[in-house]
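Please read it alongside the sequence and the model.

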Amino acid sequence: MKTEQTTAQEQLDLIEQTIAQAKENLSNHSFSYIFWGWMVSLTALANYVLLTYSPLGNNSFLIWPIAMILGAVYIVGYYRKAEKTKSHQTHLEYFLSRMWMVIGIILFLFSIIISFINISPWFFFPFVAGIGTLVSGVVLKFKPLTLGGIVLITFPFYSVLVPESSFLLLYAAIIVVSYLIPGYALKRYRA
């Protein structure tokens with residue numbers, strides 16, 4: 001029969017398990033940054049190639065809604081499947097998932113009404129995604145993600161200095177710096 005009191009060793013083991021779980025949970029946040037980093041940067045490069053070398057010209061922007069809808073469908077399916085296999089969710093995971101859900105809905109609604117308002121998508125999308133990335137970096141206490149958020153938030157301001165012909169290349173590079181590099185660093189991160 002086991003006593004109600006735990007030994008000092010059992011308490012230390014429990015603390016170690018909790019810390020190990022927190023480390024693992026932190027690296028689990030990397031998938032979205034890696035996925036969206038590849039999706040957005042490759043879409044920007046494809047848009048550049050289509051704009052520059054195909055007869056589509058200015059109609060090549062249509063690659064964006066197609067890619068983003070496919071990406072959203074995939075990511076929703078991925079996280080639904082992950083939720084079914086996961087036993088519990090920390091408060092931090094809950095907060096981040098709900099924050100990104102709200103940001104995703106805002107970006108989706110904005111993509112629908114963009115043709116009716118006079119605001120550049122190149123200002124709004126990186127700015128809003130940058131806020132989410134910055135908050136995620138601060139909450140996770142992960143400096144590469146925090147810096148990535150700052151790079152994204154400031155993108156609309158320094159992008160005006162780039163020639164229009166190179167804009168999509170700069171955007172692809174910014175996404176690599178803001179999402180892919182921090183995403184892969186987060187995947188390998190152990191607190």
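Predicted model: local features only at pLDDT ≥ 70, side-chain atom pairs only at ≥ 80, totals over all residues.

H4 and H5 are roughly antiparallel to each other, because an angle over 145 degrees counts as such and theirs is roughly 180 degrees.

**Helices H4 and H5**
- Helix H4 covers residues 91-113 and helix H5 residues 121-140, and their axes come within 11 Å of each other.
- On the H4 side the residues in contact include Leu 92, Phe 95, Met 99, Trp 100, Ile 103 and Phe 110, while those that H5 brings to the contact include Pro 121, Phe 124, Phe 125, Val 128, Gly 132 and Val 139.
- Sorted by class, this contact has 17 nonpolar and four polar residues, with no charged residues.

**Helices H2 and H7**
- The axes of helix H2 (residues 30-53) and helix H7 (residues 167-188) come within 8 Å and cross at roughly 160 degrees, and H2 and H7 are therefore roughly antiparallel to each other.
- The crossing in which H2 passes H7 is left-handed, and the contact of H2 with H7 has 19 nonpolar residues, five polar ones and one charged one.

**Aromatic pairs**
- A search of the whole structure finds 19 aromatic pairs, and in the pair of Phe 35 and Tyr 74 the ring centres are 5.1 Å apart with the planes at 25 degrees, so this pair is stacked.
- Phe 35 is buried, with a relative accessible area of 16%, whereas Tyr 74, with a relative accessible area of 44%, is partly exposed.
- Phe 155 and Tyr 171 form a tilted aromatic pair, with 5.2 Å from centre to centre and 55 degrees between the planes.
- Because Phe 155 lies in helix H6 (residues 143-158) and Tyr 171 in helix H7, this pair ties together parts that are 16 residues apart in sequence.
- Phe 155 counts as buried at 0% relative accessibility, and Tyr 171 is buried with a relative accessible area of 7%.

**A cluster of rings**
- Ring pairs link Phe 35 and Tyr 74 into a cluster that also holds Phe 31, Trp 36, Tyr 78 and Tyr 79.

Methods:
Residues numbered from 1 in each chain as written. Heavy atoms only, no water. Axes fitted to C-alpha atoms, helices over the stretch in contact; angles between N-to-C directions. Helix = DSSP H or I, 4+ residues; strand = E, 2+ residues; numbered from the N terminus. Parallel < 35°, antiparallel > 145°, perpendicular 65-115°, else oblique. Left-handed = near helix turned anticlockwise from the far one by under 90°. Nonpolar A, V, L, I, M, F, W, Y, C, P; charged D, E, K, R; others polar. Phe/Tyr/Trp six-rings, centres within 6.5 Å; stacked < 30°, edge-to-face > 60°. Buried < 20%, exposed > 50% of the residue type's maximum accessible area, 1.4 Å probe, protein only. Contact = heavy atoms within 4.5 Å.
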